[in-house]
Amino acid sequence: MIIAIDGPAGSGKSTVAKLLASRLNFTHIETGSMYRAVAWKAQKLGLDLSDAERVAETAKNLDLHFIPGPDGQKVRVDGEDASPYLKSVSQAAAQVAGYAGVREILVARQRLMGAEGDSVMEGRDIGTDVFPNAEIKFFMDADPVERGHRRYEELKAQGRDVDLDHIIEQVKKRDHEDRNRAVSPLRQADGAILIDTTKRTIEQVVEEMLERVQSYSATKIP
Ligand code: C5P
């Protein structure tokens, strides 16, 4: 079974997807990390990020693995743990995610990963493009100012020196890019259940999603 979760930055996707996957004993696949890994590697190689062809080449050659561990999932890129660096390449990730060549490579990998077993896969285009026939699709959203606050708290907790207004502006900018790009723009997939997480706790959201999954299983699985 595939549970697809899409939504903008700060909607709570990753936190909720992780909890949902652990409650259901499914694999959690955070596809945003894959776009981040490509951006990180391209920067590390000193590439010009506006060179779509070379960035796609980097994506193609990338040896990328999700490694489960006691402190959560780590992302290994070409033998190196890239996890500590990935949160700081948001804007670059959104840029490389706009290239059709990069998406083609990562989407093919995501389909293979999803085919390996029951998965909660989250991103921007899972229900629209990667797995349009996913058994259950969710679209998570929240007020952009609240999403900015969440991202701010997350970065502050990591000891980063951040400015709230700047973070809110960045969240809005990335939303605009993700929703308006030519290839696979962020949108609510047909048949996706809308979950507005504004002013709701993580537990409330996870409970609602679990109920949806259970009622799906009760009606569809003999
Ligand atoms: O989810 P996360 O914030 O880590 O994603 C980083 C960026 O990767 C997003 O802003 C988006 O541009 C891109 N992305 C995408 N498609 C996905 C997942 C992420 O375009 N399935």
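Mentor: Two strands pair if DSSP finds at least two bridges between them, and the strands themselves are DSSP runs (E, at least two residues; helices are H or I, at least four), numbered from the N terminus. One caveat before we dig in: this is a predicted model, where local features need pLDDT of at least 70 and side-chain atom pairs count only at pLDDT 80 or more, while totals for chains, interfaces and linings use all residues. Residues are numbered from 1 along each chain as its sequence is written, and side-chain values use heavy atoms, with hydrogens and water left out.

Start with the open sheet of 3 strands, which pairs antiparallel in the order β3-β4-β5. β3 (64-67) and β5 (80-81) each have a single partner strand at the edges, so one side of each has no neighbour in the sheet. Between β3 and β4 (residues 74-77) there are 4 antiparallel bridges, and Phe66 sits opposite Val75 of β4.

The other open sheet has 5 strands in the order β2-β6-β1-β7-β8, with parallel pairing. Here β2 (27-30) and β8 (193-196) are the edge strands, each with a single partner, so each has one side left without a neighbour in the sheet. From one strand to the next, the twist averages 20°. Inside that sheet, β1 (residues 2-6) and β6 (residues 119-123) share 5 bridges in the parallel sense; Ile2, for instance, has Ser119 in β6 as its bridge partner.

Helix α6 (residues 100-115) lies across β1, β2 and β6, at about 160° to β6. Contact means heavy atoms within 4.5 Å; axes are lines fitted to C-alpha atoms, for helices over the stretch in contact, and angles run from 0 to 180 degrees between N-to-C directions.

15 residues surround the ligand, and the closest are Arg36, Arg103, Asp125, Arg174 and Asp178; a residue is near if one of its heavy atoms lies within 4 Å. Asp125 puts a polar side-chain atom 2.8 Å from a ligand nitrogen. Arg174 has a polar side-chain atom 2.7 Å from a ligand oxygen, and for Asp178 the distance to an oxygen of the ligand is 2.7 Å. Helices α2 (31-44), α5 (90-96) and α9 (164-180) are the elements that give two or more residues to the shell, with α2 giving the most, 4 residues.

Key:
Polar contact = N/O pair within 3.5 Å; in protein donor to acceptor, adjacent residues only side chain to side chain.
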